[in-house]
Amino acid sequence: MAFCKKCGAQIDDQAVVCPKCGVAQGAGMSTSDNGGFLWGLLGCCIPLVGLILFLVWKDTKPKTSKAAGIGALVGVLSIVVWYIVAIVIGLGAAFM
């Protein structure tokens with residue numbers, strides 16, 4: 001047996017709604033956590049969004065949050081590499 005998240009009444013383990021107070025229990029609710037490539041791509045294109053999604057989903061959707069977080073990390077590293085290359089090319093052109 002399990003207990004209701006709100007009122008603490010004893011309920012069935014598979015109960016979707018508490019029979020006493022009517023609050024949804026989360027049992028039987030499916031949340032898709034497939035680590036979606038598109039979330040990673042979004043995180044790469046807009047790193048701030050990827051970071052926010054990582055922080056929001058890290059406990060409830062670990063695979064999807066990891067994809068968004070890795071995408072954000074790749075996006076930030078790409079920007080850093082781009083700036084380093086631009087600086088090196090700029091300095092190289094200045095000395096010629």
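Here are a few friendly notes on this structure, point by point.

1. A word on the basis: this is a predicted model, in which local features need pLDDT of at least 70, side-chain atom pairs count only at pLDDT 80 or more, and totals for chains, interfaces and linings use all residues. Residues are numbered from 1 along each chain as its sequence is written, and side-chain values use heavy atoms, with hydrogens and water left out.

2. Start with the largest nonpolar core, made up of five residues: C4, A9, I11, A15 and C18. Such a core is a set of buried Ala, Val, Leu, Ile, Met, Phe, Trp, Tyr and Cys residues joined through side-chain atoms within 4.5 Å. Here buried means under 20% relative accessible area, exposed over 50%, and partly exposed in between (1.4 Å probe, protein chains only).

3. Next, look at A9. Apart from neighbours within four places in sequence, A9 is in contact with A2, F3, C4, C18 and K20 (contact means heavy atoms within 4.5 Å).

4. There is one aromatic pair to find.

5. How exposed are the two partners? W39 counts as partly exposed because its relative accessibility is 36%, whereas W57, at 15%, counts as buried.

6. Finally, I79 has 44% relative accessibility, so I79 counts as partly exposed. The C-alpha atoms of I79 and T64 are separated by 23 Å, with the two residues 15 apart along the chain.

Definitions and conventions. Phe/Tyr/Trp six-rings, centres within 6.5 Å; stacked < 30°, edge-to-face > 60°.
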